[in-house]
Each structure stands twice: as structure tokens, then as C-alpha cells.
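I opened my notebook to go through this model. My entries follow the order in which I looked things up.

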Amino acid sequence: MKKIKNYNSNFKIVLLLIVIIFSSITLLSLPVLFDYKSAKKSIEKLISSEFKLDIDIGSNLFYKPFPRPHFLVEKSTINLKSNKSELNLIKIKKLKIYIPIEEIYSKSIKNISLIEIKDSNIELKFDDIKNIRKHLIYSINKPIKITNSTVFILDKNDDVILISPIKKINYRIDEENKYKKFHILGNLFNIDFNSEWKRYYNKPKETIHTIKVKNPNIKIKNKFIF
């Protein structure tokens with residue numbers, strides 16, 4: 001009986017290894033099978049409709065299977081849909097476009113689960129900040145992450161008046177708890193700060209904004225009703 005059990009156990013392990021190896025080979029072969037040129041325009045349209053952002057993909061798409069399936073874009077720019085500035089709001093060095101696993105085997109991408117912006121510059125004027133506020137309050141968008149980037153605040157002459165390194169921005173809608181969240185971990189005047197903005201959909205005219213600072217230890221909580 002022990003021999004039969006050991007045989008069954010070993011067979012399951014070997015079968016699992018075969019499945020993993022062939023799945024990995026299939027995933028790695030997708031760059032050859034996928035039509036990236038036709039996908040570029042469809043991805044731009046999807047980001048516009050699902051994330052409420054205007055994007056210009058300026059380089060080729062590279063498929064990356066690990067740690068989860070995504071496309072890597074090494075050069076692109078993003079604007080808010082309502083942004084009338086001549087500046088590109090975000091000049092992106094690395095853009096990761098995450099897609100559901102079932103989309104990998106389809107001929108065209110019809111769904112994007114998350115976009116992540118890395119190592120990029122975000123240039124903001126006063127009008128851009130107002131447009132970001134409108135995006136926060138009125139747009140229904142899928143999750144957006146920004147990591148290891150820098151925010152530049154510009155005056156009307158396009159001169160930089162403020163620089164803020166950003167470790168992480170997490171911008172998403174919590175569908176289970178029915179609220180939108182805009183969370184920032186950043187640095188301003190060499191002081192680390194933790195900023196969290198929330199708007200609950202059962203109280204659409206209220207927003208809650210909390211800012212925490214260390215050294216000095218400060219916590220500011222603001223409830224805004226409009």
C-alpha cells in the first residue's frame with residue numbers, strides 16, 4: 001500500500017511540473033504570437049474609456065509574463081481628458097499595463113485591470129490641479145498606481161516652483177466599501193508625508209482628507225462638504 005501511495009504522490013508531482021513547464025513555455029511564446037501594432041491603438045482607447053486618461057504610447061509594447069501578465073511601455077505621455085494645457089501631464093519612462101490572465105489568449109485586448117506608472121515626471125500647473133480634483137470627484141476609473149516618480153509644480157511661465165518626490169500613489173475605487181481613495185506616500189521640503197483622500201458614494205457631497213507627518217509628529221484631518 002505504501003508503494004502505491006508513493007507512486008500516486010510522485011505521479012501528481014511530475015504531472016504538476018509538466019503543466020507548469022508547458023504553461024510557462026506558452027506564456028513566453030506570446031511575444032511572437034501577439035500583434036502589438038494593432039494592440040497599441042486599442043489599449044490607448046481602453047485606457048481612455050476605463051481610466052479616463054488620454055495616453056500616447058510612443059514606443060513598442062513588450063509583453064512580460066512575470067510576476068503577473070502585463071505589457072511594458074518604455075516611453076509614453078498621459079493627460080487628463082479635461083486637461084487643456086499644452087504640457088503633457090505625465091512623461092512616463094515605464095508604464096505597466098496589467099491584463100487579466102484570460103485576455104492573454106484572445107486576439108485583442110478588451111480589458112485592463114490596472115496601470116502602473118514608474119520612474120516618471122509629473123508636471124502640474126494650477127489648472128491641472130483643478131482638473132485632478134474633478135477627476136477625483138466625477139470620474140469612475142479603474143485602479144492607477146504611481147511609484148518612484150517626481151511631481152513638479154509650475155507657475156504660469158512654466159518655471160518650477162516646487163518639487164516633491166513621490167514614493168507611491170494608489171488611486172482606486174473600493175467597490176466593496178463604496179468609496180474612492182487617493183493615497184500618497186511622498187516627501188515635501190525634505191519631510192515625509194502620508195496623505196489619504198476619501199469620498200464615500202453614500203455621501204457624495206463629502207470628502208475626507210487626512211495628512212500625517214513625522215518629525216515633527218503632526219496629523220491633520222479635514223472633512224469638506226460642498
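I looked up N215 and found it exposed, with a relative accessible area of 74% (exposed is over 50%, buried under 20%, partly exposed in between; 1.4 Å probe, protein chains only). This is a predicted model, where local features need pLDDT of at least 70, side-chain atom pairs count only at pLDDT 80 or more, and totals for chains, interfaces and linings use all residues. Residues are numbered from 1 along each chain as its sequence is written, and side-chain values use heavy atoms, with hydrogens and water left out.

N215 lies in the loop between β13 and β14 (strands are DSSP runs of E, at least two residues, and helices are runs of H or I, at least four, numbered from the N terminus). Its phi is positive, near 55°, and N215 is not a glycine. I then checked the bond from N215 to P216: it is cis, with omega about 5°. Most residues other than glycine have a negative phi, and most peptide bonds are trans.

**Loop between β11 and β12**

I found another positive phi at N190, about 65°, again not a glycine. N190 sits in the loop between β11 (179-188) and β12 (191-200). At 71% relative accessibility, N190 is exposed.

**Helix α3**

I turned to α3, residues 126-138, which includes Y138. Which residues of α3 are buried? I noted D128, N131, H135, L136 and I137. Y138 counts as exposed, at 62% relative accessibility.
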